[in-house]
Amino acid sequence: MLFILAYKNLWRNLRRTVLAEISIVFGVLVIIGSGNFINGMQRDWAKFEINSSTGAFQVEHRDYQAMGKSEPLKATLENSAALVEQISRIPGVRAAYGKLNFSGMVSSGVKSTFFDGRAVDVARQRQTLSQQQDLIVAGKPLGDSAGGVILGADLANMLGLKIGDPVTIVVQTLHGGLNLTYATLVGTKNGRHFPSTIYLEMPLDDAQKLLRVHDRVSQVVVGAEDFDSIPGLMKRVEAELRSEQAPYVMRGYQVLIPIYPQAIPSFKFISISVGIVLFILVGGGIGNVMAMAVLERKKEIGTLRALGMEKNQVRRLFLTEGFMIGVIGSLSGLLLTSALTYFIATHGGIHLPPPAGTSQILIIIPQMNLATSVLGVAMPLLVSVLGAWWPASASANLNPIEALTEA
Amino acid sequence: MKTIGFKKINAILLAGTLMILAPLCSYAEPSALQILDRADDKWDLNLRNATTALELLVYRESELRKSYHLKLKYQDTDHVLAETTFPPRNEGEIMLQAGRRNYWLFLPNINRAMRISESNSLSNSDFSNTDLLSPRLSNEYAPALIGTEKLGDVETYKLELLAKDESTPYAKIIYWIRKADYFPLRRDYYTFSQQLLKRLDMKASSAKVSWPDTFVMSSVLERDKKTVIRYLKQTHGPGFPPETFHESSLMKR
């Protein structure tokens, strides 16, 4: 009975109801839409970094983080070829490759400077990182033949090197002696948050000979078949390796991607801030609509009270009206946002241009998220009820005689 | 009777000849290790228990780019302390060799001493720490005499020094030493891939000086790049207190 009465009341001033619904739909659209956009941006950023440089996760020696900066070769994984093979066979792993981190001096013959190096198993890296060539800004990726080297675009520029130029590399070997090799610059890399001023990449075999570390790597980089299954895959790999009693630890893409751990709280803060602002705006709008309804319907309230309607019943009537406005607006907003998200996602997403000096286009495909959707619907609904609360209480407290007299 | 007399004379002549030639023969064949030690003595023995002022000049593209002054306290080949006295930006920085292969760098700005590698560059120059602080090569390398050679007009011994283990900074050093007085003239430093990395030329600044006091290091990494070290002033003393060469004494009190 109360629901029917409340429903009929919504149609009595259609313009006001529609205005209230529009404000709720807009609120839901912004909350869920911005959430989907941020969620999509997070996922696409993570996917790009995973497929171009970090992999889904990496396996390394448990002491690597403590010793890696001062003596990166001391805490490396032995029998790396067998380890890579073992990890590659685990279901859910697309491919895996060994990576060796080292440092030294690189020279053009005229200038020399410090570098931070990565040695990679080129063939396996190609299988693991499907987008690693996207970071190439000149030349080509490392080939299967020995003697090639890739530098950060800024490092190559600083040394005055062009593609095809010879470079000299000097390193300290595992045991402390110095070693030197000559190589040819085959390509340069750059990208967002890419260490372009110090980056050097060379084939793993060349680096292992140069550094005199036979069959050792700093990390095994693992590519996953499916982005959403990464946490489960990490657990499976960890369980398999733990049984080997070896000193392995895993590091997920969340900690491997530069500034990712710092950026995620910022994204959440933006989402929460948007939600709070809309909470206030939508709540104010609903409260205003319901307050106007109380003022306009004083005579009706007086009549209902005179006919014996309890204060509680009057309050519940207005709360139900607020709830109904909230439900209709929230669900309409959810439908509209879902349709819009689907449309953008199926039409290629939003393309962001690459930063200067890079070729890395970031495509953002908005992504529905259950938590954001629930929050986006629940928040305006709650606000609608709360917004109706004060006018409902005011209406319930009206004296029937005064209400009829004033009306 | 006549025959016996002739044999006696022959025997006496032979014995006399052998007695004269024996010391000459042993003098003409010094071993590779003896040559190396005598050359290193020129440098090492002269510095023992001495405080030496030296300047380090870094040239890039044939122009002087940086100039450092250092005060070197040298006890022996394993205990050396080098303190920067110029420029003001680097004043007070100390490099310490506190024993064999135990190198430290003290940075006064942060009042912190950190362990460093012997193959690290010395003040971004072409010298590494071990080049300056450890002149005695026979500790780390096994020498072999590979011949004699003329370096310019000077007759030299040419030694090949092979690292005794892989932790030694250079895998091989070719060393030219003046035959006449074992004065060290040149070292070529090779890496484990048998590639030439650096060349050190040594000379005395004047005819009165019998040990090398000017060192010029050039690297294959950069053309027209070299670093020159000149020993400016030297005072010998009775020795240094033992704590001088302990890393704990580096920190400011």
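Start at Asn111(B). Is Asn111(B) buried or exposed? Asn111(B) has 11 other C-beta atoms within 10 Å. The cut-off for exposed is 12 or fewer, so Asn111(B) is exposed. Keep in mind that this is a predicted model.

Next, Glu61(B). Phi is positive here too, near 50°, and again the residue is something other than glycine. Glu61(B) belongs to the loop between β1 (50–60) and β2 (63–76) of chain B. Glu61(B) counts as exposed because it has 11 C-beta neighbours inside 10 Å.

Which peptide bond is cis? Go to the one from Phe86(B) to Pro87(B), where omega is near 0°. Pro87(B) lies in the loop between β3 (79–86) and β4 (94–98) of chain B.

Now step back to chain B as a whole. How many helices and strands does chain B have? There are 3 helices and 13 strands. Chain B runs to 253 residues, and 33% of them count as buried. Take the contacts in chain B with a separation of 6 or more: 43% of those come from residues 24 or more positions apart.

On to where the two chains meet. Here 18 residues of chain B are in contact with 18 residues of chain A. What is the make-up of the chain B side? That side has 8 nonpolar residues, 7 polar and 3 charged.

Over to chain A, and a pair of helices. Helix α1 (residues 2–10) of chain A packs with helix α12 (residues 311–346) of chain A. The angle is about 60°, and the axes are 9 Å apart. That angle makes α1(A) oblique to α12(A). The crossing of α1(A) past α12(A) is right-handed.

Who makes the contact? From α1(A), we have Leu2(A), Phe3(A), Leu5(A), Ala6(A), Tyr7(A), Asn9(A) and Leu10(A). From α12(A), the partners are Arg316(A), Leu317(A), Thr320(A), Glu321(A), Met324(A) and Ile325(A). By type, the residues of this contact split into 9 nonpolar, 2 polar and 2 charged.

Next, helix α11 (residues 298–306) of chain A. Which residues of α11(A) are buried? Ile301(A), Gly302(A), Leu304(A) and Arg305(A) are. Look down the axis of α11(A). The buried residues line one face of the helix, because they fall within an arc of 165°. An α-helix has 3.6 residues a turn, so residues three or four places apart point the same way. After α11(A) comes Gly308(A), with a positive phi near 105°.

Last stop, Gly232(A). This glycine is in helix α8 (residues 230–242) of chain A. Gly232(A) has 12 C-beta neighbours inside 10 Å, so it counts as exposed. Now find Gly92(A). Gly232(A) and Gly92(A) are 140 residues apart along the chain, but their C-alpha atoms are separated by 9.3 Å.

In chain A, α1(A) crosses α12(A) in a right-handed way.

Key. Residues numbered from 1 in each chain as written. Chains lettered and ligands numbered in written order. Predicted model: local features only at pLDDT ≥ 70, side-chain atom pairs only at ≥ 80, totals over all residues. Axes fitted to C-alpha atoms, helices over the stretch in contact; angles between N-to-C directions. Helix = DSSP H or I, 4+ residues; strand = E, 2+ residues; numbered from the N terminus. Parallel < 35°, antiparallel > 145°, perpendicular 65-115°, else oblique. Left-handed = near helix turned anticlockwise from the far one by under 90°. Contact = placed C-beta atoms within 7 Å. Nonpolar A, V, L, I, M, F, W, Y, C, P; charged D, E, K, R; others polar. Buried ≥ 20, exposed ≤ 12 C-beta atoms within 10 Å, placed from the backbone. Arc of directions from axis to C-beta.
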